[in-house]
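Okay, thanks for coming, everyone. Let me put the structure up and then walk you through it.

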Amino acid sequence: MFNTQFVVSFALLLSFPLLFLFIPCILSPKHVQISLPDELDDLALFRRATLASLDRGSSAAPTSKPKIAFLLLTNTDLHFAPLWELFFRNNENLYNIYVHADPSSTVTPPGGVFAGRFIAAKKTQRASPTLISAARRLLATALLDDPSNAYFALVSQHCIPLHSFRYMYDHLFRRPVSRPRLPAPSPLHRSFIEISSEKPQLWERYIARGKNVMVPEVPYNRFRAGSQFFVLTRQHAQVVVRDRRLWRKFKLPCHNLNSCYPEEHYFPTLLSMEDPDGCTGYTLTRVNWTGSVGGHPHSYGPAEVSPALIQELRMSNSSFPFMFARKFSPDCLLPLLHLAQDLIFRD
């Protein structure tokens, strides 16, 4: 009797370290899976957007002035809505807004320019294929909604504009970046999306789903990394929504969740394969990765908001200045509004 109790007690004592070792793995958060009904629903939307583009003609001129479609991904209230209201003011015929709000989050739709601009949304999760689906859903909706949408700017609830709307509009439509190997000045526009083959831990991210899972569609030498946020031309938005081949790979679940960031790889990989000359290779959204924590960039607080910060965030090594910046905490709204008229929107 004594020996049995001793053995059981000793076994339990030895098991405690093992429990501490394996419980985090057992209880670690699982990525949201894309259900078959959601996948079929998205495919139907993408098919409608593709067919509509074919019916209109991919190179058909819009019936009005070209517009910028602003695609907003959010899972919180739009704390910077008053700042964006000032950004859009008096430019009503030159933009459209589409908001994808995670339905599992409590998001209060603001009025003003955001009223009625929330699209049918599905649950999203950071570092999962659901963010790719959400961005594609926004692109497809914007393609269907207005043939005058010529540029598609994906931003988050933590993004702020760094220039006036007119400044951005003029740069995108009146100062196009010529394509390589075409006579300059070229009338064709290009997409602003970061595309890199030299990011740290690129191999670990490539094999996050398994060592040979991505081949043959995506060999390692074609795998690219970039910012989650971009400004795409209409041609490239169509490329994204009609893709099936690469999506079959990128929607697969990851085995190594610490290296799984499909939303930072799918778009640059797809567009670098389809039309590398049509992309600038850089983004228009400034992000500060100094002192990043848990894969999140630096988040600016109200004490950091100043004229000097805005000027610093605008500066770029490319031919275009940065047009957006992230990530800002919600309590930055008031100091940003104080700078809006005299600095941010005064170009």
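Let's start with Arg137, which counts as buried because its relative accessibility is 5%; buried here means under 20% relative accessible area, exposed over 50%, and partly exposed in between, with a 1.4 Å probe and protein chains only. Before I go on, the housekeeping. This is a predicted model, where local features need pLDDT of at least 70 and side-chain atom pairs count only at pLDDT 80 or more, while totals for chains, interfaces and linings use all residues. Residues are numbered from 1 along each chain as its sequence is written, and side-chain values use heavy atoms, with hydrogens and water left out.

So what does Arg137 pair with through its side chain? Asp42: a polar contact of 2.9 Å joins the two side chains. By polar contact I mean a pair of N or O atoms within 3.5 Å; within protein, one must be able to donate a hydrogen and the other to accept it, and residues adjacent in sequence count only if both atoms are side-chain atoms. Leaving aside neighbours within four places in sequence, Arg137 is also in contact with residues including Leu45, Phe46, His100 and Lys122, contact being heavy atoms within 4.5 Å.

Arg137 is found in helix 4. Helices are DSSP runs (H or I, at least four residues), as are strands (E, at least two), both numbered from the N terminus. Helix 4 covers residues 129-145, 17 residues in total, and reaches 24 Å from its first C-alpha to its last, close to the 24 Å expected at 1.5 Å a residue; that expected span is 1.5 Å times one less than the number of residues. Of those 17 residues, 15 are buried, so helix 4 is largely enclosed by the rest of the structure.

Zooming out, the chain has eleven helices and nine strands. Buried residues make up 50% of its 347 residues.

Now the cores. A nonpolar core is a set of buried Ala, Val, Leu, Ile, Met, Phe, Trp, Tyr and Cys residues joined through side-chain atoms within 4.5 Å. The largest one has 49 residues, and Phe70, Leu172, Phe328 and Leu336 have the most contacts inside it. Which helix gives the largest share of this core? Helix 11, with six residues. Taking Phe70 on its own, and again skipping neighbours within four places, its contacts include Trp84, Phe87, Tyr98, Met168 and Phe324. Apart from that core lies another, of 41 residues, with Ile132, Ala135, Met214 and Val218 among them.

On to the cysteines. There is one disulfide in the structure, a disulfide being a pair of cysteine sulfur atoms within 2.5 Å. It joins Cys254 to Cys260, S to S 2.0 Å. The link of Cys254 and Cys260 is right-handed, with 60° about the S-S bond, and both cysteines are buried. Cys159 counts as buried too, at 0% relative accessibility, and Cys332 is buried at 0% as well.

Last stop, Ile207, in the loop between helix 6 (202-206) and strand 6 (231-233). Ile207 is partly exposed, with a relative accessible area of 27%. In sequence, Ile207 and His255 are 48 residues apart, and in space they are 8.8 Å apart, C-alpha to C-alpha. That's my tour, over to you.
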